[in-house]
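Here are some questions and answers on how terms are applied to one structure. Each answer sets a value against a definition.

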Amino acid sequence: MHEELENFERNHVWDLVEPPPNCRPISTKWIFKNKQGDFAPVTRLEAIRILLAFAASKGFKLQQIDVKSAFLNGFIEEEVYVRQPPGFESAKFPDRVFKLSKALHGLKQAPRAWYARLKSFLLKSGFVMGSVGKTLFLLSHGSDTLIIQIYVDDIIFGSSSHALVSSFAEQMSREFEMSLMGELQFFLGLQINQGLEGTFVHQAKYTRDILKKFNMGDSKPMTTPMSTNTALDADEDGEAVDQKEFRGMIGSLLYLTATRPDIQFAVCLCALYQASPRTSHRQAVKRIFRYLKFTPELGLCYSSGSSLSLRGFSDADHAGCRIDRKSTSNTCQLLETSLVSWSSRNQASVALSTTEAEYVAAASCCSQLLWMNATLSDFGLGFGRIPLLVDSTSAISVAKNPFLHSRTKHIDVRFYFLRDHYEKGDIYLVHVVSENQLADIFTKPLEFDAFAHLRVNA
């Protein structure tokens, strides 16, 4: 507690003043928590994966720094008064309050104030902010570029130039109190191994932890996360199970999908029944854990020295949801052979045909490809027309042929931007046979051979 208050004094966070008239100072309290690991599943992970794939392709390793007491570096513009910390009230002026000049943890202004301070420093240092991702900053020096990605007080950065990396670390050390953590190995709960052949991202430790947590460490391994005979529904006549435990299992598995797209479909399907879980639903979740017991070390691999090209896959499961008969859009996006983004989610409205469901899924994939293309342009990469691989010839025809109005007028207007971007030449649609449709792994349960084929290629 003394160290914390000394940190406030050192950073000139506040001044003890008489409370002004009609002042309603904010109460303060001490909060003590043990931080369990580095679990923080709140960020757009695609941006991190893109940076990892780019760094691996260019052959340089990413570094990591952590800014100490980051929020105390942010200046606030409003007048904010807080009460003196309990147990540390001034004996001489017990009724006075602290007027803040910098942010504190818990203030809603704190994250914004810290970001504004860091952004100002980087821009003054010659960095350029990304045109899409506002947490991406780049500094060009001749033929070399220093890239940094920010997540609150954690910053990852890298460049093919060791001089740029060292210079940036020195600049940050002079401006902020920070810890240089060296080569990036652990970020937002993800384990990252950077080697000569590329970068491997996984959650092996986390996988073993949740297997132990839910008493599945000694369970019999399974080769797939879901049986092809599984047909989950509300099962209203089934025996109810502990809702808290079921939700805990689903939440743990959802975070694991950050590096395990192979369980995405099964987890999302089971997550639909969290409101009233039954024995059949818990059995399906346990099957996923048994599959994890069989494959605890799986993750994402980004090869070094590879030339990057962007492409997307889309597929749909027409009326697959047994609750409301909505279709599921399943998409994935790759940089060459590196999977960096994927999605499996229910469509907003009920599709009246397979063509409509496939078209909506392709539109969703197109949107993600455009975002990724804009993001990658900040890295100096341009791809021109981007291939979008679809296994439905009718959906491709709808996008290409403006005269199929009788078959498509019921499709929501917002999805017609797919045709618009096709005509502009931003993307081009390619038919792919179902056996090579990588997005099929997010659509339905598969036999082991088909599942393993798609898992390896994705």
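Q: What makes the reach of helix H3 close to the one expected?
A: This is a predicted model, in which local features need pLDDT of at least 70, side-chain atom pairs count only at pLDDT 80 or more, and totals for chains, interfaces and linings use all residues. Residues are numbered from 1 along each chain as its sequence is written, and side-chain values use heavy atoms, with hydrogens and water left out. Helices (H or I, at least four residues) and strands (E, at least two) are DSSP runs, numbered from the N terminus. H3 covers residues 110-124, which is 15 residues. The expected span is 1.5 Å times one less than the number of residues. For H3 that gives 21 Å, and its first and last C-alpha are 21 Å apart.

Q: Which residues of H3 are buried?
A: Buried means under 20% relative accessible area, exposed over 50%, and partly exposed in between (1.4 Å probe, protein chains only). In H3 the buried residues are Ala110, Ala113, Trp114, Arg117, Leu118, Phe121 and Leu122. They lie on the same side of H3 because they cover an arc of only 165° around the axis. The arc is taken from the directions from the helix axis to the C-beta atoms.

Q: What covers the buried residues of H3?
A: The cover includes strands S2 (63-67), S6 (136-141), S7 (144-151) and S8 (154-158), and helix H4 (162-175). Contact here means heavy atoms within 4.5 Å.

Q: Why is S12 called largely enclosed?
A: Of its 5 residues, 4 are buried, so the rest of the structure largely encloses S12.

Q: What makes strand S17 (residues 386-390) enclosed?
A: Here 5 of the 5 residues are buried, so S17 is largely enclosed by the rest of the structure. Ile386, Leu388 and Val390 are buried on one side, and Pro387 and Leu389 on the other. S17 pairs in the parallel sense with S14 (residues 310-317) over 3 bridges, and with S18 (residues 427-431) over 5 bridges, also in the parallel sense.

Q: How many disulfides does a search of the whole structure find?
A: A disulfide is a pair of cysteine sulfur atoms within 2.5 Å. The search finds 0. For Cys268 the nearest cysteine sulfur, that of Cys270, is 9.5 Å away, and Cys268 is in no disulfide.

Q: Is Cys365 buried or exposed?
A: Its relative accessibility is 0%, so Cys365 counts as buried. Cys268, with a relative accessible area of 22%, is partly exposed.

Definitions and conventions
Pairing = 2+ DSSP bridges.
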